[in-house]
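These are my notebook entries on a two-chain model. I set down what I looked up, entry by entry.

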Amino acid sequence: MKRPKRKTLWIRVILQVFFFLLIAIIAVNHTLDGEIPVFSSVSLHGVCPFGGVVSIYQFVTQGSFVQKIHESSFILMIVVFLLAVLFGPVFCGWVCPLGSIQEWMGKLGKKIFRLRYNHWIPVKVDRWLRYLRYAVLVWVLYATARSAVLVFSDFDPYYALFNFWTGEAAAAGLIILSLTLLLSLFVERPWCKYACPYGALLGLTNLFRIFSIRRKQNSCIQCGICSRDCPMNIPVDKVKTVRNHQCISCLECTSETACPVADTVVFASGRRE
Amino acid sequence: MVLRSNTLGLIILVFILGGMAAGTSLGLFEDNSPRSLLEQQIDGEEGVVAAVDIRGSYTFNDISRAFQIPIEIFKEAFQLPEEVDYENFRCGDLESIYGDLENVEIGTGSVKLFVALYTGEEYDIVQEDFLLSDAVEILKGRGQLTDEQRAYLESHTIDSSNLPLPANTGSDPIPGEDHEEQLAYMIQGKTTFADIYNWGVSKGVVEEIIGQENPTGSIRDFCAAQGLSFSEIKSKLQIEVDKVSP
């Protein structure tokens, strides 16, 4: 069928830009020793909820935080986890600046490759690659608990993104960031799909979250646009309720954007057809 | 119940900004870097930074304001020329301008020692820090040195009358000086035992200083938990770090 013009979820775009700028300003303010008024000058680790996750073991066993981690990381970790239990990994789809910049790079990729974009990797290979991020998560948690040092920060493209001007970003992190941005021209959100340890953890909430993406079978016209537009390549048109561990709750498949039939793919709680 | 994107966006915004606002009200989003702590002390908060916490990156101006020691005292104690820009001149810079001295060092450790003895702060002298004779005269003049401190200074004083005038003391960075590198191997509040192993200090040496086997986690927390003096352990470990760091 001829594809209807899709609508833009402006609220999501606004939030992505807002949080990207907020983190960028905080990172710059930290470099400037807090010269920008109003904004916090806490280090980047202090505004990273994953810092709280990797500190849990040390906090429980020794009552202290992993080096460079602040109490603020714990606060954000709890907030993001609450959001994830309710709505799934909305942090990934609406807040995470690294996810946002991959998405923005992807818009360029879409213009270049059109329908081929985000469909380069064979489905069978892709399916297994998606579990790689759990291996990264296990490694990060184990290595951090064992060493009490933020081992991941040297490889973290998020840290490199907001520290490339300070000289604190490790070469490995800068290389991974560059590769991530380059790959984003071909694959939507490559870091999120294959390597992000925090995305892996939050993704587990897809299995039990309160609000989910739901498809009404009686009004669905089986056009497949919802699946085609899903940045995480989830086959939305094949299920009634999306429980895929990779869903980032971006709502790009819903009737508010991609789905051409009103009130057919929705973000809802409770039992629906 | 169906949730629209606008509602979801608002909920996300309220949750995250609300969490940050709550954290800010509890002081959890404040910068607690050594630089920030020094600023707090300058702003009038007492005892935020002790002499032992002085970093090579602190300027004499900052130290003067934080510890309420007139800048002229530093100028005289460390024989700094008139043209020094105290806003930018860091105490770590001393190590390069007095770098030609053989077997002794005038640097950040000297500033820590001087500040501690000047203010009368409790300070465990465990490093081989030296002072210029001018600094020692100032301290003696204040009349608050203990016999032990006097004895230490007797053997750790450099006669400044025999020294050439320090060169290159302007505000410009000193060629070849890498301040980040200097700070990279300093034991701080969040430094862990794993860090100093990575820096090259052997586990045996650490265990000998700590007096216990397999210490883990942050050194400060470990000392607090074991009832050990962090400043004492830190100073001893710093000596070992300095031996192996580049």
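**Entry 1: chain B, make-up.** I counted the secondary structure of chain B and found 13 helices and two strands. Helices here are DSSP runs of H or I with at least four residues, strands are E runs of at least two, and both are numbered from the N terminus. The model is predicted, so I noted its terms: local features need pLDDT of at least 70 and side-chain atom pairs count only at pLDDT 80 or more, while totals for chains, interfaces and linings use all residues. Residues are numbered from 1 along each chain as its sequence is written, and chains are lettered from A and ligands numbered from 1 in the order in which they are written.

I then looked up burial: 34% of the 246 residues of chain B count as buried. A residue is buried with 20 or more other C-beta atoms within 10 Å of its own, exposed with 12 or fewer, and partly exposed in between, the C-beta atoms being placed from the backbone. Of the contacts in chain B between residues at least 6 apart in sequence, 67% join residues at least 24 apart. A contact requires C-beta atoms, placed from the backbone, within 7 Å.

**Entry 2: confidence.** I checked pLDDT, the predictor's confidence in each residue from 0 to 100. Chain B has a mean of 77, and 77% of its residues reach 70 or more. Over residues 167-180 of chain B, pLDDT stays under 50. For the model as a whole I recorded ipTM 0.91 and pTM 0.62.

**Entry 3: chain A, make-up.** I found twelve helices and two strands in chain A. Of its 273 residues, 51% count as buried. Strand 1 and strand 2 of chain A pair in the antiparallel sense over four bridges; pairing requires at least two DSSP bridges between the strands. Within that pair, I213(A) stands opposite F267(A) in strand 2 of chain A. From strand 1 (residues 212-215) of chain A, S212(A) and R214(A) point one way and I213(A) and R215(A) the other, and all are buried.

V239(A) counts as partly exposed because it has 15 C-beta neighbours inside 10 Å.

**Entry 4: the contact between the chains.** I found 40 residues of chain A and 30 residues of chain B in the contact. On the side of chain A that touches chain B, helix 3 of chain A gives the most, with eight residues. By class, that side has 20 nonpolar, 15 polar and five charged residues. Nonpolar covers Ala, Val, Leu, Ile, Met, Phe, Trp, Tyr, Cys and Pro; charged covers Asp, Glu, Lys and Arg; the others, Gly among them, are polar.

**Entry 5: the core.** I found 83 residues in the largest nonpolar core, and those with the most contacts inside it include L83(A), F91(A) and I12(B). Such a core is a set of buried Ala, Val, Leu, Ile, Met, Phe, Trp, Tyr and Cys residues joined through C-beta atoms within 7 Å. Helix 3 of chain A gives the most to this core, with nine residues. Leaving aside neighbours within four places in sequence, L83(A) is in contact with V90(A), F91(A), I12(B) and F15(B).

Notes: Contact = placed C-beta atoms within 7 Å.
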